[in-house]
Amino acid sequence: MSAGRKLVVEADGGSRGNPGPAGYGALVRDALTGEVLAEVAESIGHATNNVAEYRGLIAGLAAAAGVDPSARVEVRMDSKLVVEQMSGRWKIKHPDMVPLALEARELAAALGSVSYGWIPRARNAHADRLANEAMDAAARGEHWTRKVEEAPREPDPPPRPASSTPTTTLLLRHGETPLSIEKRFAGIGDAPLTPHGLAQARAAALALKDRGIDAIVTSPLSRCRDTAAEVAAVTGLEVRVEDGFRETDFGDWEGLTFAEAGKGWPAELKAWLADPEAAPPGGESFAQVSRRVRTALDKLKVRYREQTVLVVSHVTPIKLLVKDALGAPMPSLYRMHLDVAALSSIDWYADGPATLRAFNDTHHLPA
């Protein structure tokens, strides 16, 4: 395996009663493909939620080291306590946590690098399921473990030579929705297309029919899937869903106008506008979104090397791709305007910088 491989650790733990019958679960994914490389889970008898969560983190880091000790690891957990403490932003006060945190830090120090990010429980479902299986066993009084190591792999193919032929992404924002009409925060809520939005999607599809598209990739949200379906209908291509291209989770601001968010959370909104690491209450920061969009792009460039790919997505992911193509700073997101059903285009070169060829093209849209 190549040095510096990028891995994702998803970990969770819990107890029935806090303290009570406890267990943890963790898994390791390849960050580029999403493939699950290892799983581990264990019932740990009687313990608190926090102890079980730390045990899950420790097991996940150890499993990542077993896959590739030089890996760059992104840890994702729905425990804000563990994420904040391991990131160094919160102090560790409880004596039961101190030795566990030290063990986790020792494991992390032996890896290439480790970063920590909080995710909602709904997006940690795999690790949560493993942890619940372990808690079920603990409640029955059983000592139960699960350990699935990485399967043997074929030798990596020899690297392909650098090419001057780019991988081209045609970036299409979804059509109009009720929330976009009223300029409300529209994140992971599944707002549908309006009838006008569907007409916009069909107009975009006709404009794209003869653009030589080799593949269609879409955000999992229905407003993008329905837009992508119109292009698929005229091109005959299948649609591949990529979660990394979904919109930002705006948390408590979902469905609100900018003014409403500012009235309810003035300090939080000011911080969000000033710091890409700041997140809406219960949501994602732009920095978190940027990391998953880059991973999704990396996967796309491997899967569709030197091809033309339509990516149907949202305002934030498309702006982030444009920002990266231009080498612009994060505040540039606030200086871009992207209309519904607008087209943009970027060429990504394996042996050089990217080129932005079009941005916010709306000539194909009906009046």
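Good morning. A search of the whole structure, which is a predicted model, finds 1 cavity of 30 Å³ or more. About 50 Å³ of space lies in the largest cavity. Its lining is made up of Val217, Arg240, Val241, Glu242, Phe245, Ala296, Lys299, Leu300, Arg303 and Tyr304. Two elements each give two or more residues to that lining, namely strand S9, residues 239-241, and helix H10, residues 286-303. The most is given by H10, with 4 residues.

Let me now step back to the protein as a whole. It contains 11 helices and 12 strands. For 367 residues, a compact globule would have a radius of gyration near 21 Å, and the protein, at 22 Å, agrees with that. The C-alpha trace spans about 65 × 55 × 35 Å along its principal axes. Of the 367 residues, 51% are buried. Among contacts with a separation of 6 or more, 71% are between residues 24 or more positions apart.

Helix H7 covers residues 222-235, which makes 14 residues, and reaches 20 Å from its first C-alpha to its last, close to the 20 Å expected at 1.5 Å a residue. Which residues of H7 are buried? They are Ser222, Arg223, Cys224, Thr227, Ala228, Glu230, Val231 and Ala232. The cover over these buried residues includes strand S7 (167-173), helix H6 (195-208), strand S8 (215-218), S9 and strand S10 (308-313). After H7 comes glycine 236, with a positive phi near 80 degrees.

Why is H11 described as largely enclosed by the rest of the structure? The reason is that 10 of its 12 residues are buried. These are Val315, Thr316, Pro317, Ile318, Lys319, Leu320, Leu321, Val322, Lys323 and Ala325. Among the elements that cover them are S7, H10, S10, strand S11 (343-348) and strand S12 (355-361). Just after H11, glycine 327 takes a positive phi of about 65 degrees.

Is glutamine 200 buried or exposed? Its relative accessibility is 5%, so glutamine 200 counts as buried. Apart from its neighbours within four places in sequence, glutamine 200 is in contact with Gly175, Glu176, Val340, Ala341, Leu365 and Pro366.

Isoleucine 92 lies in the loop between helix H2 (80-86) and helix H3 (97-109). With a relative accessible area of 23%, isoleucine 92 is partly exposed; the cut-off for a buried residue is under 20%. Between isoleucine 92 and valine 82 there are 10 residues of sequence separation and 9.3 Å in space, C-alpha to C-alpha. Again leaving aside neighbours within four places in sequence, the contacts of isoleucine 92 are Tyr54, Gln85, Met97, Val98, Ala101 and Arg105.

Finally, some backbone geometry. Where is the cis peptide bond with omega of about 5 degrees? That bond joins asparagine 18 and proline 19. Proline 19 is placed in the loop between strand S1 (6-15) and strand S2 (20-30), and asparagine 18 is found in the loop between S1 and S2 as well. Asparagine 18 has a positive phi of about 45 degrees, although it is not a glycine. Its relative accessible area is 42%, which makes asparagine 18 partly exposed.

Lysine 183 is another residue other than glycine with a positive phi, here near 55 degrees. It is found in the loop between helix H5 (178-181) and H6. At 67% relative accessibility, lysine 183 counts as exposed.

Thank you for your attention.

Note on methods:
Residues numbered from 1 in each chain as written. Predicted model: local features only at pLDDT ≥ 70, side-chain atom pairs only at ≥ 80, totals over all residues. Heavy atoms only, no water. 1 Å grid on protein atoms, 1.4 Å probe; cavity = no way out; pocket = protein on both sides within 12 Å on 5 of 7 lines; lining within 4 Å. Points joined across faces, edges and corners; volume = space filled by probe spheres on them. Expected span 1.5 Å × (residues − 1). Buried < 20%, exposed > 50% of the residue type's maximum accessible area, 1.4 Å probe, protein only. Contact = heavy atoms within 4.5 Å. Rg over C-alpha atoms; globule rule 2.2 N^0.38 Å.
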